[in-house]
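This report concerns the packing of helices and the placement of aromatic side chains. The sequence and the structure are shown below.

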Amino acid sequence: MTDEDKEFLDRITAYAEKVMADIDPDPTVTPISTQLEYLRPVMEEISKETGKSVEDIFIRYMDLASTAAAKKQAEFEEDFVDFTEPNNGKFKF
């Protein structure tokens with residue numbers, strides 16, 4: 001992820017944390033479409049600044065958020081590798 005990508009993702013994430021602090025992010029509680037409506041103002045702002053469509057901003061955000069989530073999950077799994085049995089992925093306690 002480039003520095004520009006990180007700044008882009010951080011900007012939307014910070015906005016989301018502010019405007020969606022009181023909602024449950026579980027899609028079964030707060031539909032994704034509702035969550036996206038909360039993000040629309042910042043995406044429209046970025047769209048105007050960059051000259052790209054809101055749809056392009058949304059797609060870039062989703063791609064970067066997915067990449068960041070996958071990286072975070074991989075780091076978590078690596079941090080806890082000592083707690084799993086070889087090749088079965090189950091936690092041992």
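At what angle do the axes of α2 and α3 cross, and within what distance do they come? The model examined here is a predicted one.

## Helices α2 and α3

The axes of α2 and α3 cross at roughly 115 degrees and come within 8 Å. The angle makes α2 roughly perpendicular to α3, and the crossing of the two helices is right-handed.

On the α2 side, the residues in contact are Leu36, Leu39, Arg40, Met43, Glu44, Ile46, Ser47 and Thr50, and they meet Val54, Ile57, Phe58 and Tyr61 of α3. Sorted by class, this contact comprises eight nonpolar, two polar and two charged residues.

## Helices α1 and α2

Helix α1 covers residues 3-19 and helix α2 covers residues 32-50; their axes lie 9 Å apart, at an angle of about 150 degrees. Angles over 145 degrees count as roughly antiparallel, and α1 and α2 are therefore roughly antiparallel to each other. The crossing of α1 with α2 is right-handed.

From α1, the contact draws on Phe8, Arg11, Ile12, Tyr15, Ala16 and Val19; from α2, it draws on Tyr38, Leu39, Pro41, Val42, Met43, Glu45, Ile46 and Glu49. Eleven of the residues in the contact of α1 with α2 are nonpolar, none is polar and three are charged.

## Helices α1 and α3

Helix α3 spans residues 54-79, and its axis comes within 10 Å of that of α1, with a crossing angle of roughly 100 degrees. The two helices, α1 and α3, are therefore roughly perpendicular to each other.

Here Glu4, Asp5, Phe8, Leu9 and Ile12 of α1 meet Ile57, Arg60, Tyr61, Leu64, Ala65 and Ala68 of α3. The classes in the contact of α1 with α3 are eight nonpolar, no polar and three charged residues.

## Aromatic rings

How many aromatic pairs are counted? A pair of aromatic rings is described by the distance of the centres and the angle of the planes. With centres required to lie within 6.5 Å, the count of aromatic pairs is zero.

Key
Residues are numbered from 1 along each chain as its sequence is written. This is a predicted model: local features need pLDDT of at least 70, side-chain atom pairs count only at pLDDT 80 or more; totals for chains, interfaces and linings use all residues. Side-chain values use heavy atoms; hydrogens and water are left out. Rings of Phe, Tyr and Trp (its six-membered ring) pair if their centres lie within 6.5 Å; planes under 30 degrees apart count as stacked, over 60 as edge-to-face and the rest as tilted. Axes are lines fitted to C-alpha atoms, for helices over the stretch in contact, and angles run from 0 to 180 degrees between N-to-C directions. Helices (H or I, at least four residues) and strands (E, at least two) are DSSP runs, numbered from the N terminus. Angles under 35 degrees count as roughly parallel, over 145 as roughly antiparallel, 65 to 115 as roughly perpendicular and the rest as oblique. A crossing is left-handed if the near helix is turned anticlockwise from the far one by less than a right angle, and right-handed if clockwise. Contact means heavy atoms within 4.5 Å. Ala, Val, Leu, Ile, Met, Phe, Trp, Tyr, Cys and Pro count as nonpolar, Asp, Glu, Lys and Arg as charged, and the others, Gly among them, as polar.
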